[in-house]
Amino acid sequence: MADLDVGDLASQVAGAMIGQLAAYGSDAESYAKAEAQKIAISIAHIGELLASGAIDEYEAKLKFDIQRNATRTMLTTVEGIGIIAAEQAINAGLNAIKGLVNGALKFALLP
Amino acid sequence: MTSPQFLHRQYSALFAMSILLSGCAVTLMAPYDTKTEDMLTAIQSEFSAERQTLIYAYGTPDCLYSHQTAFYKKAHADIADLRVHASALAKNELTIREIGLLDQSLSDLEAIHKHREAIKTGNDQCMSADTMKDDFDGIEGTIGDILKLEVAKKRVTPGKDQ
């Protein structure tokens with residue numbers, strides 16, 4: 001390991017990871033905001049239908065449950081995108097130092 | 001004295017090195033699955049078709065729940081098939097959870113439809129385009145979000161052409 005500086009490796013890994021996470025984080029935020037807007041509009045509409053007598057309380061509860069399930073699904077997708085982002089970040093970090101590490105060791109430790 | 005920056009640097013280095021020792025790419029989520037996407041798209045088509053059927057059938061006996069049970073039966077069965085397929089893939093818990101929420105929403109829609117036939121009279125037994133808009137939009141959103149997660153599993157780098 002004489003040719004490998006741990007501090008330098010950590011810096012390169014961190015740089016690659018942060019790049020990946022920032023890109024996904026921005027996507028996830030805009031996606032969540034757009035979905036939240038849609039759900040808010042739906043909930044307001046359910047309130048209007050109930051107030052006008054077009055639906056009763058039983059239906060309103062079921063309709064709200066459908067919206068809640070949509071919100072839960074949206075949040076689960078954002079969570080999943082975050083996990084994939086973490087995975088991508090770790091692998092990007094490894095990839096960033098692959099050449100350096102394998103070259104220094106004269107052995108393909110990182111495939 | 002040990003500064004927080006120094007500790008952070010050391011932990012980062014240790015983290016990186018521990019991954020190095022594993023010697024392979026890290027996988028935290030199931031891979032993209034074409035069949036899951038196809039099955040979801042087919043289920044979405046069933047919902048779209050049913051929505052149009054109910055709109056065109058408004059004011060006729062075909063709008064009633066008792067005339068539409070075939071749709072619910074098939075949709076529940078197709079979602080169950082999707083859940084079994086998704087369960088066969090490792091690290092796919094989030095998608096399985098989402099499929100469960102979709103099935104719950106279908107049950108909610110079915111309960112609304114059944115309820116209207118049971119307690120209303122005349123055209124009010126039907127679900128009008130306006131009254132069912134939120135339900136179908138919500139379910140479409142649910143399916144769309146499951147699809148988005150599936151497509152994200154392709155691991156395409158953000159900002160690049162897909």
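Author: Let us start with Asp78(B), which counts as buried at 18% relative accessibility. Please note that this is a predicted model.

Reader: Which side chain meets Asp78(B) in a salt bridge?
Author: That is Lys74(B), at 2.7 Å, N to O. Lys74(B) counts as partly exposed, at 47% relative accessibility. Both residues lie in helix H3 of chain B, 4 residues apart, about one turn of the helix.

Reader: And which residues are joined into one network by salt bridges that share partners?
Author: Arg51(B), Lys133(B), Asp137(B) and Glu140(B).

Reader: Within that, how do Asp137(B) and Arg51(B) meet?
Author: Their side chains form a salt bridge of 2.9 Å, N to O. The pair links distant parts of the chain, with Asp137(B) in helix H5 of chain B and Arg51(B) in helix H2 of chain B, 86 residues apart.

Reader: Is Arg51(B) buried or exposed?
Author: Arg51(B) is buried, as its relative accessible area is 15%. Asp137(B) counts as partly exposed, at 25%.

Reader: Turning to pockets, what is the volume of the second largest pocket?
Author: The volume is about 170 Å³. Of its 13 lining residues, the closest to the centre include Asp137(B), Lys38(A) and Ser42(A).

Reader: Which element gives the largest share of that lining?
Author: H5(B) does, with 6 residues. By class, the lining has 3 nonpolar, 4 polar and 6 charged residues.

Reader: Lastly, which residues touch the most other members of the largest nonpolar core?
Author: Among its 27 residues, they are Phe47(B), Leu109(B) and Ile143(B).

How values were computed: Residues are numbered from 1 along each chain as its sequence is written. Chains are lettered from A and ligands numbered from 1 in the order in which they are written. This is a predicted model: local features need pLDDT of at least 70, side-chain atom pairs count only at pLDDT 80 or more; totals for chains, interfaces and linings use all residues. Side-chain values use heavy atoms; hydrogens and water are left out. A nonpolar core is a set of buried Ala, Val, Leu, Ile, Met, Phe, Trp, Tyr and Cys residues joined through side-chain atoms within 4.5 Å. Buried means under 20% relative accessible area, exposed over 50%, partly exposed in between (1.4 Å probe, protein chains only). On a 1 Å grid over the protein atoms alone, a cavity is a set of points where a 1.4 Å probe fits but cannot get out, and a pocket is an open set with protein on both sides within 12 Å along at least five of seven lines; lining residues have an atom within 4 Å of a point. Grid points are joined across faces, edges and corners, and a volume is the space filled by probe spheres set on the points. Helices (H or I, at least four residues) and strands (E, at least two) are DSSP runs, numbered from the N terminus. Ala, Val, Leu, Ile, Met, Phe, Trp, Tyr, Cys and Pro count as nonpolar, Asp, Glu, Lys and Arg as charged, and the others, Gly among them, as polar. A salt bridge is a side-chain nitrogen of Lys or Arg within 4 Å of a carboxyl oxygen of Asp or Glu.
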